[in-house]
Protein chains: 2
Amino acid sequence: MAKITIKKIAHDLKLAVSTVSKALSDSHEIGTDTKQRVLDYANQMNYVRNAYASSLKNSRTGNIAVVIPEVADSFFALAINGIETIAQEKKSHVLIYLTQENQAKEKSIMEDFRNGRVDGILISVAGGNTSYPHIRDLQERNIPIVFFDRVAQGVTSPRVVTDDFESGYKATHHLLEKGCKRIDFLSLSGNLSIIDARLEGYKKAISDRGESASRSHVIVCTNDNVHNENILASLLERKENRPDGIIASVEKLTLITYTVCTRLGISIPDEMKVVGFTSLPSAALLQPSLTTITQPAFEIGQTAAKLLFELLEKKSKQSPNKMVLLPSLLHERGSTQIKT
Amino acid sequence: MAKITIKKIAHDLKLAVSTVSKALSDSHEIGTDTKQRVLDYANQMNYVRNAYASSLKNSRTGNIAVVIPEVADSFFALAINGIETIAQEKKSHVLIYLTQENQAKEKSIMEDFRNGRVDGILISVAGGNTSYPHIRDLQERNIPIVFFDRVAQGVTSPRVVTDDFESGYKATHHLLEKGCKRIDFLSLSGNLSIIDARLEGYKKAISDRGESASRSHVIVCTNDNVHNENILASLLERKENRPDGIIASVEKLTLITYTVCTRLGISIPDEMKVVGFTSLPSAALLQPSLTTITQPAFEIGQTAAKLLFELLEKKSKQSPNKMVLLPSLLHERGSTQIKT
DNA sequence: GTGAAAGCGCTAACAC
DNA sequence: GTGTTAGCGCTTTCAC
């Protein structure tokens, strides 16, 4: 099948390309009759405008980038879902990039955005970054960026986040209420906004309880799951001074906690209570069912995408430090139940 | 920051644009010295080639499309992961499209690929399609398409799949071995290749056992989870002639089975044994741990992507009905355990 | 209301 | 080895 272009339509209809172009964009300066003729013919020929040729003229590709650490995580999967609903509404296209929590990869990915690959960017940053030259660089080129969930600390750009401090507090408070004496916090290395905030909430809850904040025990996990399992196992194996409560600050750490407890024969919730930050649909079906802090992942994705399209549409640079905060929910389940 | 183009570099370096262009693509017909000068300057200026401008000349955008029913499913999430690793290797970019199991949406999405939006397509088709004009249309335009997992029946194009028939057989056989008397198969409406094959395997296992294949009980589920829960509940509520084994042919049906059993107080595996097709990392942690048929999702994604790039690179149209089959694994766990 | 022409950023003949 | 030029498909003044 021959490629069908505006030029071909013009030729076939004995019109000028400019006329066809205008007709296709429903310009008022084209007669209703010609317009209809063009539209009909284009339709009949299955014409689709070459988006990238247009982009050369008007610098709008109709593509947006979504940069995330991973996709096999319920939060990100749902967020993508949310983003996609809005993108489809806006007839826009979504490019996905996985950083695998690797800052170098994130950097190199974003360097590719410097010249018109995408119109705008939604990003949840990788851990390990301390400064964000690759993000600032794009900002200077006036490429709109919206953060969701994990924001680049110190960079000013619109963002959609959850109440991480409060959730950290809530989770900890909940465990304390359930009688935990030693609660450990499983964090993720790498200077992440969400982890920092959750951790602060945790510390605050501990100190509010009258315990010294220095009594808090933070286990720093990494991106290496085998390593994490080992750390956790050696923590839980010891017979004395073992935590009786754990807050897993991200999904994968939650699952590892369950795995290790199962392996070591540690009973949840009797010997160990667990709260996990996760949006897993199967949380209620785990053994035992998992008490979670659940973020409104879908809505976060939607909101972030909407924000981005606002930036894209009205070039009016709305307040660049706009922040939308969507609250998380504590779902109390079996993993924090008091022995009866 | 001003936009930096090949033209600007040429001007600054007092060279012709073509010289710069060739230098940047490391053409042999450019002197080593000038080449270096151009490369250095481009680097210093943070020059990035406008991919879409090039695409106008050589019809290669560097973008590929991945069209899937949903992303909040472990199989697809892992498959995307696999695809992405290959894409990054190939310096290619991945556009994600979710059809939500909606054929009309799939069609309209793919119509957008008719004019150079992407170089090639990876697709796992939505349910409900009986013919695939939108796919054939793209084929006629010589846009490479590779199917993975769910193929369009009757359409000839390279594909990466699992041994669905055998897995259906294995799952059923396993349940029969575990003493199940009535095994119900939870299928998904919509003429899906994978479901059909799994179902055939199921029927064969039943009839091999000497039971009439007509004794097989297929529960057709839809894309509406509330509806599915209701169907399942009314099936499981009845006191007589209730199945004692269930094969959930996709992930979400597995979780619904667990949910409904929990709600109705039906004990798995004592009163009901369950095998689920899923790649959920949490399968082993469910209550009870779930016996699964697990597809090598990551590898499927990788393999499909590799196939696509082969098509893209050597324009040599390799055998269009090439098929790669990667086997699934049966993981026996608690949900099919015999009462001790 | 319609058309001619220039140009977006880049590539590839083809000249020199 | 380097430059000139045409053109990819589209949009947008500016004439008519």
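Of the 26 residues around DNA strand D, those that come nearest are A:Ile6, A:Tyr47, B:Lys22, B:Thr34 and B:Lys57. Here a residue is near a strand if one of its heavy atoms lies within 4 Å of it. This is a predicted model: local features need pLDDT of at least 70, side-chain atom pairs count only at pLDDT 80 or more, and totals for chains, interfaces and linings use all residues. Residues are numbered from 1 along each chain as its sequence is written, chains are lettered from A and ligands numbered from 1 in the order in which they are written, and side-chain values use heavy atoms, without hydrogens and water.

Look at the DNA side. Sugar or phosphate accounts for 54% of the atoms of DNA strand D within 4 Å of the protein; the rest belong to bases. B:Ala16 places a backbone N or O atom 2.9 Å from a phosphate oxygen. B:Ser18 reaches a base oxygen instead, with a polar side-chain atom at 3.0 Å.

Now the protein side. H4(A) gives the largest share of the surface near DNA strand D, four residues. Helices here are DSSP runs (H or I, at least four residues), as are strands (E, at least two), numbered from the N terminus.

Next, the backbone. A cis peptide bond joins A:Gln287 and A:Pro288, with omega about -10 degrees. A:Pro288 sits in the loop between strand E9 (273-277) and strand E10 (291-294) of chain A. In chain B, a cis peptide bond joins B:Gln287 and B:Pro288, with omega about -10 degrees.

Definitions and conventions:
A polar contact is a pair of N or O atoms within 3.5 Å; within protein, one must be able to donate a hydrogen and the other to accept it, and residues adjacent in sequence count only if both atoms are side-chain atoms.
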